[in-house]
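Dear colleague,

Please find the structure for your study placed directly below.

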2 protein chains.
Amino acid sequence: MIKIAIIGFGTVGQGVAEVLMEKRDYLRQIIGDYKVVAVADSKGSLIGDFDLLNAIKIKRERGLPEGMDAMEIVENQDFDLLIETTITNIETGEPGLSYIKKALKRGKNVITSNKGPLVVAYSELIELAKENNCKLLFEATVGGAMPVIKLVNNCLAGNKILSIKGILNGTCNYILSRMEKEKMPFEQILAEAQELKIAEADPSYDVDGIDAASKLVIVANALLGIDAKFEDVEITGIREITPEAFDVAMEKGYTIRLIAEAGSNGLKVSPRLIPLQHPLALQGTLNALLIKTDLAGDVVVVGKGAGKRETASAIVSDLIQLYG
Amino acid sequence: MIKIAIIGFGTVGQGVAEVLMEKRDYLRQIIGDYKVVAVADSKGSLIGDFDLLNAIKIKRERGLPEGMDAMEIVENQDFDLLIETTITNIETGEPGLSYIKKALKRGKNVITSNKGPLVVAYSELIELAKENNCKLLFEATVGGAMPVIKLVNNCLAGNKILSIKGILNGTCNYILSRMEKEKMPFEQILAEAQELKIAEADPSYDVDGIDAASKLVIVANALLGIDAKFEDVEITGIREITPEAFDVAMEKGYTIRLIAEAGSNGLKVSPRLIPLQHPLALQGTLNALLIKTDLAGDVVVVGKGAGKRETASAIVSDLIQLYG
């Protein structure tokens, strides 16, 4: 029986809980029996014997009840796997960083969807997992449902990864692909994206390239073996792109996309010209990654970079990697 | 020490041998020590202690020397893994089918790049592997270096695969994407492709959709759990596509591609209209697959569908899955 603690019970945490219930019969065949023995967020928790469906209902209606706090659960409760889905803070990594460290120190496996801890302390966390003979998996931190980490480590095993280049922020891609079609200014399309909840009220995390840069740091560490930090990324956002820039680009058969790239020339996030029929000339909120390898040549993957069930999909694939 | 027998020593077999030599130090760290103890083709073989680099030289200069024949090697020699890369025959599956069956019956692991045996006898071979407690891996049979089997089984683990749709023949994609650009008739572009060695002298295996249909049968069996045979595929090739058809399509923002699709509506290979900026509207000889899932939504992968090192890449990823 795999005992699971879910810390962070917002959209992602609830999405995972839902999939763990929906797919119970199927997943049991692959990983054996499992049980969620704790859920917690910043305000409250449930531990021990509780109904998971009911936990989601309680959370939505009135919030989780006050109880053991998240850190206490991670420190003292009996569980095998921490699924850490708290909110991302790429400056401190907290609160996820402390939860993950504590769990790893206890020899517990961890699956996280939280970029912060990995951006702040990638090598330290991987080292900690090794020392304590447990695993830290994080497929959900980059590209949502789009396979990235496992794609390289499993599917392209044996290849040397020369560079990685892609679209790692769906909001920017939405804005740029709309600007391409509508020839309207950035501010106007941003307002539209905000109305559609594709962009946040404070859009800077997305449109200034911070989110894409965070994911790039994780990818550079995990797949290229570069000990990169956030400060190593040269970042240009998309605020300065004009409809006229699209006119000029498209006359020559190009469009403009926010591209994150890591390789021997360092780490860079910036708007780039992409041929109109290139696999990275994507529409909408999709994410994509082009992986340059020594044997397989270029491999491109495209998928949904965000969403509740999509992120849950990545977490479940990690769960199966751990226990399948 | 993993003892490897390579049966089939053409482009693919030699490519694998080259990569096994080139990446020896790296691969040893992952799978431990290994040695190629036999290579054979339809005309000759080398067994025991021989230099692999020299074997390639001999093969190229004067052919492998007469010796133990391939079937005798598979039946009687001491090896752990058969890498089967003989020529594809989708009607009989031979000679690969007999080699694979024999090796599995002896409890030996098998990696194959040969579509024939799987198209003819997928379930029988998988069953045989299970019964004899060994594995049959075949990433190289579909899409060359483009990950397909592992992409679904590992990266998208936990997802239900609803349907699969893609470009599984690079020759057809080359011809159609050139017709799109040049507005020239099929026959003319085919002649050009033949000159460039992208199409064979007898092009029917590619342009009549037979190759794509074979791969679709493997994918349907392996990833959708459909017990499909070649006869179950409804096939239309690309010979009838005219430049005028492209004109009509492109006026409405579409292009034409040969699409292989498997799902609840059965198996079909046919030319289809694809929006110009769709991830499947690829140029050149690339392959692509769009995988529709219940959690991850649509995931698209694009890669090189053929080539010596590309196919070796897929075989090496299988090798690492087996012994890594």
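In chain B, six strands form an open sheet of mixed pairing, in the order β3-β2-β1-β4-β5-β6. Strands here are DSSP runs of E with at least two residues, helices are runs of H or I with at least four residues, and both are numbered from the N terminus. Two strands pair if DSSP finds at least two bridges between them. At the edges of the sheet in chain B stand β3 (45-47) and β6 (136-137), each with a single partner strand, so one side of each is left without a neighbour in the sheet. Strands β1 (residues 2-7) and β4 (residues 81-84) of chain B pair in the parallel sense over four bridges; B:L81 in β4(B) is the bridge partner of B:I4.

Please note that this is a predicted model, in which local features need pLDDT of at least 70, side-chain atom pairs count only at pLDDT 80 or more, and totals for chains, interfaces and linings use all residues. Residues are numbered from 1 along each chain as its sequence is written, while chains are lettered from A and ligands numbered from 1 in the order in which they are written.

Chain A also has an open sheet of six strands with mixed pairing, in the order β3-β2-β1-β4-β5-β6. Its edge strands are β3 (45-47) and β6 (136-137) of chain A, each of which pairs on one side only. The pairing of β2(A) with β3(A) is antiparallel and runs over three bridges, and A:V39 stands opposite A:L46 in β3(A).

Helix α1 of chain A (residues 11-22) has 12 residues. From first C-alpha to last, α1(A) reaches 16 Å, close to the 16 Å expected at 1.5 Å a residue; the expected span is 1.5 Å times one less than the number of residues. Among the buried residues of α1(A) are A:V12, A:V16 and A:L20. A residue is buried if 20 or more other C-beta atoms lie within 10 Å of its own, exposed if 12 or fewer, and partly exposed in between, with C-beta atoms placed from the backbone. The buried residues of α1(A) pack against several elements of chain A, including β1 (2-7), β4 (81-84) and α13 (308-323).

In chain B, B:K23 lies in the loop between α1 (11-22) and α2 (24-31). B:K23 is partly exposed, because 18 other C-beta atoms are within 10 Å.

How do the two chains meet? The contact takes 35 residues from chain A and 35 residues from chain B; two residues are in contact if their C-beta atoms, placed from the backbone, lie within 7 Å. On the side of chain A that touches chain B, the elements giving two or more residues are α7 (149-155), β12 (298-304) and α13 of chain A. Of these, α13(A) gives the most, with seven residues. β12(A) and strand β12 (residues 298-304) of chain B pair in the antiparallel sense over three bridges, and A:V302 stands opposite B:V300 in β12(B).

A rotation of 180° with 0.0 Å of shift along its axis superposes chain A on chain B, with RMSD 0.0 Å. The superposition is by least squares on the C-alpha atoms of residues with pLDDT of at least 70 in both copies. The two copies are thus related as by a two-fold rotation axis. In chain A, the C-alpha nearest the axis is that of A:V301, 2.2 Å from it.

Yours sincerely
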